[in-house]
Amino acid sequence: MSVFGKLLSPWLRMGMYSRLFVPIFLIIALVVAARYTLLVRAETARANARYQQDASDIGIYLHKALLPALALTRGPDTTPDRADHAAIAAIAAIDNTLADALLLSPDLVAARLDFAGGHQEALRAPLPRVDYPAWFARLQPLEPIRRHIYIGTASLVLEFEPTLPVSGVWRTVERQMIITAINVSVIYTLLGIIIFVNKRMLKRLNHATQRFQAGDHDTRLPVRGTLEGRMLALTFNNMAQRVQALVNELQISRKGLSEQLKHTLLAQQQLQAQKERIEVTLASIGDAVITTDLTGKIESFNQVAQQLT
């Protein structure tokens, strides 16, 4: 027997309701796989659209916000000792703008600006916490974004990490997984209750059948439980009542036949005894005696009649 046959054989020996566990599981697995594939794709597409849009918006915002401040900075020979008040204020404004960008975009992890007056950068610390499993991250097409924006002669580099968008997709999928687990648990719990009720009903039926076969023809099933159980009990009780009535009739007929047979045997014995007495009587008579029936056919004759003939 093949491996498939060995696995299939115990399953085929199960009851009908017990066998439903496997096909229902396969159907649920296929439906869940299709549903979550579509769900992950849809949620990822929405998260990616927001992720890309936020990156574009923060780039436009920084371009507009940094342009006036960069215009106030001096050339590369500018130092804090020789800078005027306006240049110092401009550098402070640049630093504040880059820091504000981190607050405006939670996906932004680094903003670096290289300009004629020096280098400014804002880094997120700590980085967003990863609250999704590593295998889920491998399923996501979201990738880090690194954008170069040129503001005049200045160069702005923005680095984005998709940690929060992926976390949002994972939270949605996790909630749906919990709902699915609850639904599957409810389905299998109800199926288990149905199997338990039917097994109990079949066990009562088997016990009642054995008692009925053993001669207890008064056995009846209680009419209670599910609709199927009540219908089965009514059917068994009607069958048992009819069989009991037939058995009673057969017992009465048997008793009558037994009495009739007894009387017939007794009558035969009496006739045989009477015949023997008649034969003895005929044999003891000295005259010839011949007995015939109504048609004249000889039935018997004694020894004297035999000698005469």
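**View 1. Ten residues line the largest pocket of this predicted model****.** K275, I278, E279, T291 and S300 lie nearest the pocket centre. This is a predicted model: local features need pLDDT of at least 70, side-chain atom pairs count only at pLDDT 80 or more, and totals for chains, interfaces and linings use all residues. Residues are numbered from 1 along each chain as its sequence is written, and side-chain values use heavy atoms, with hydrogens and water left out. On a 1 Å grid over the protein atoms alone, a pocket is an open set of points with protein on both sides within 12 Å along at least five of seven lines; a cavity is a set where a 1.4 Å probe fits but cannot get out; lining residues have an atom within 4 Å of a point.

The largest pocket holds about 170 Å³ of space. A volume is the space filled by probe spheres set on the points, which are joined across faces, edges and corners. Elements giving two or more residues to the pocket lining are α7 (227-284), β5 (290-292) and β6 (298-301). Helices (H or I, at least four residues) and strands (E, at least two) are DSSP runs, numbered from the N terminus. α7 gives the most, with six residues. The pocket lining divides into three nonpolar, four polar and three charged residues. Ala, Val, Leu, Ile, Met, Phe, Trp, Tyr, Cys and Pro count as nonpolar, Asp, Glu, Lys and Arg as charged, and the others, Gly among them, as polar.

**View 2. β5 and β6 form a hairpin****.** The two strands pair in the antiparallel sense over three bridges (pairing needs at least two DSSP bridges). T292 stands opposite I298 in β6. Five residues lie between the strands. In the turn, G296 has a positive phi of about 90°.

**View 3. The count comes to one cavity of 30 Å³ or more****.** About 50 Å³ of space lies in the largest cavity. Its lining is M201, R204, L221, P222, R224, G229, L232 and A233. α6 (163-213) and α7 each give two or more residues to this lining. α7 gives the most, with three. By class, the cavity lining has five nonpolar, one polar and two charged residues.

**View 4. Helix α3 (residues 21-72) meets helix α4 (residues 85-104)****.** Their axes come within 8 Å and cross at roughly 170°. α3 is therefore roughly antiparallel to α4 (angles over 145 degrees). Axes are lines fitted to C-alpha atoms over the stretch in contact, and angles run from 0 to 180 degrees between N-to-C directions. Contact residues (heavy atoms within 4.5 Å) include I58, Y61 and L62 of α3 and A86, A87 and A90 of α4. The contact divides into 16 nonpolar, one polar and one charged residue.

Conventions:
Parallel < 35°, antiparallel > 145°, perpendicular 65-115°, else oblique.
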